[in-house]
Amino acid sequence: MRRAILGIVVVMTGAGCAGLPHMNDRGLAPGGDPITIERSPSPYSEITSGPVSALVPDGWQPVPDSSGAREGFFASPSPEAWSRMDGSTEGIAATWVDATAVGVPSDFYYLAATGPLFSQLIHSAACRAESRRVFVDNLPTFASGSADSPGDYMARGEGTCHAGGRVTRWAYFVAAPGFGPVRQLGIARSGLYVVVAVLRDGRRAGEMLNHLIGETRFGDARIGDFVRAVRERRVTA
């Protein structure tokens, strides 16, 4: 069990550890989706990589983030520094795991989502978690959950880091669809969704993080669609 969970976590957090991917002249990393950039009059551009899209502040460089079962992209004004994920560099990453390529039961994604995915931010000596909102938390059957548990989990967290001589604010969204209502949205073969963004702290940092996280789409579903699906399920249950 621990080996399966660790494998999922490595898939999600291994991005950038060996440097930036080499891209060809189409902006395509080996095995990855091409990145498209749609400019607008606003201070943001819409970045799309396969079924993933997000708003990114102008001037940030998008990079395909594909390694095995992980798909998506990250963007930052300093992509090499963002790869360290120590909270000192501004950026955003929107990634998902292709469950059909990993080949483990969906319940394991619940354990990965509730475990060490964000340990570099949450448990770093330079960073502090300030809030966490859990939208749904159904313990899988094999982990002592109810016999009919959908094994789904979805949460959003926020905090700050004092690293590299600067103060940054970060936020994340994670969803393990299991067999819950989120399974009907987004990317049919996804077992895990992760969005994490970091901005220099300031008066509007929280508002901007909400905007970046909220406008991220997996397939045709925004993050708010995932949240509404869970809330509507509670009302009708």
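# Exercises: cores, rings and strands

Val 195 touches Ile 92, Ala 93, Ala 94, Ala 171, Tyr 172, Phe 173, Ile 213, Thr 216, Phe 218 and Ile 223, leaving out residues up to four places away in sequence. Contact here means heavy atoms within 4.5 Å.

The model is predicted: local features need pLDDT of at least 70, side-chain atom pairs count only at pLDDT 80 or more, and totals for chains, interfaces and linings use all residues. Residues are numbered from 1 along each chain as its sequence is written, and side-chain values use heavy atoms, with hydrogens and water left out.

## Exercise 1. Cores

Task: Which residues have the most contacts inside the largest nonpolar core?

Solution. 

Step 1. A nonpolar core is a set of buried Ala, Val, Leu, Ile, Met, Phe, Trp, Tyr and Cys residues joined through side-chain atoms within 4.5 Å. Buried means under 20% relative accessible area, exposed over 50%, and partly exposed in between (1.4 Å probe, protein chains only).

Step 2. Read off the core. The largest one has 34 residues. Those with the most contacts inside it are Ile 92, Met 154, Phe 173, Tyr 193, Val 195, Phe 218 and Phe 226.

Step 3. Look for another. A second, separate core has 26 residues, among them Phe 118, Cys 161, Tyr 172 and Val 196.

Step 4. Buried residues make up 49% of its 237 residues. In soluble globular proteins, nonpolar side chains tend to be buried together.

## Exercise 2. Phe 218

Task: Where does Phe 218 lie, and is it buried or exposed?

Solution. 

Step 1. Locate it. Phe 218 lies in strand S11. Helices (H or I, at least four residues) and strands (E, at least two) are DSSP runs, numbered from the N terminus.

Step 2. Check the area. Phe 218 has a relative accessible area of 0%, so it is buried.

Step 3. List the contacts. Leaving aside neighbours within four places in sequence, Phe 218 is in contact with residues including Pro 51, Trp 96, Ile 187, Tyr 193, Val 195 and Phe 226.

Step 4. Take one C-alpha distance. Phe 218 and Ala 54 are 164 residues apart along the chain, and their C-alpha atoms are separated by 9.0 Å.

## Exercise 3. Aromatic pairs

Task: How many aromatic pairs does a search of the whole structure find?

Solution. 

Step 1. Count. The search finds 5. Rings of Phe, Tyr and Trp (its six-membered ring) pair if their centres lie within 6.5 Å; planes under 30 degrees apart count as stacked, over 60 as edge-to-face and the rest as tilted.

Step 2. Take one pair. Tyr 110 and Tyr 153 are edge-to-face, at 5.8 Å centre to centre and 85° between the planes. Tyr 110 is in helix H4 (residues 107-113) and Tyr 153 in strand S8 (residues 153-163), 43 residues apart. Tyr 110 is buried at 5% relative accessible area, and Tyr 153 is buried at 4%.

Step 3. Take another. The ring centres of Tyr 193 and Phe 226 are 5.1 Å apart and the planes stand at 40°, so this pair is tilted. Tyr 193 lies in strand S10 (residues 190-200) and Phe 226 in helix H7 (residues 223-236), so the pair ties together parts 33 residues apart in sequence. Relative accessibility is 0% for Tyr 193 and 0% for Phe 226.

Step 4. Join them up. Ring pairs link Phe 173, Tyr 193, Phe 218 and Phe 226 into a cluster.

## Exercise 4. Strands

Task: In what order do the 5 strands of the open sheet stand?

Solution. 

Step 1. State the order. It is S1-S2-S3-S11-S12, with antiparallel pairing. Two strands pair if DSSP finds at least two bridges between them.

Step 2. Find the edges. S1 and strand S12 (221-222) each pair on one side only.

Step 3. Check the ends. Strand S1 (residues 35-38) and strand S2 (residues 44-49) run antiparallel and share 4 bridges. A hairpin of 5 residues joins them. Strand S11 (residues 217-218) pairs with S12 over 2 bridges.

Step 4. Turn to S9. Of the 11 residues of strand S9 (residues 166-176), 9 are buried, so the strand is largely enclosed by the rest of the structure. S9 runs antiparallel to S8, with 11 bridges, and antiparallel to S10, with 8 bridges. Ala 175 has Tyr 193 as its bridge partner in S10.
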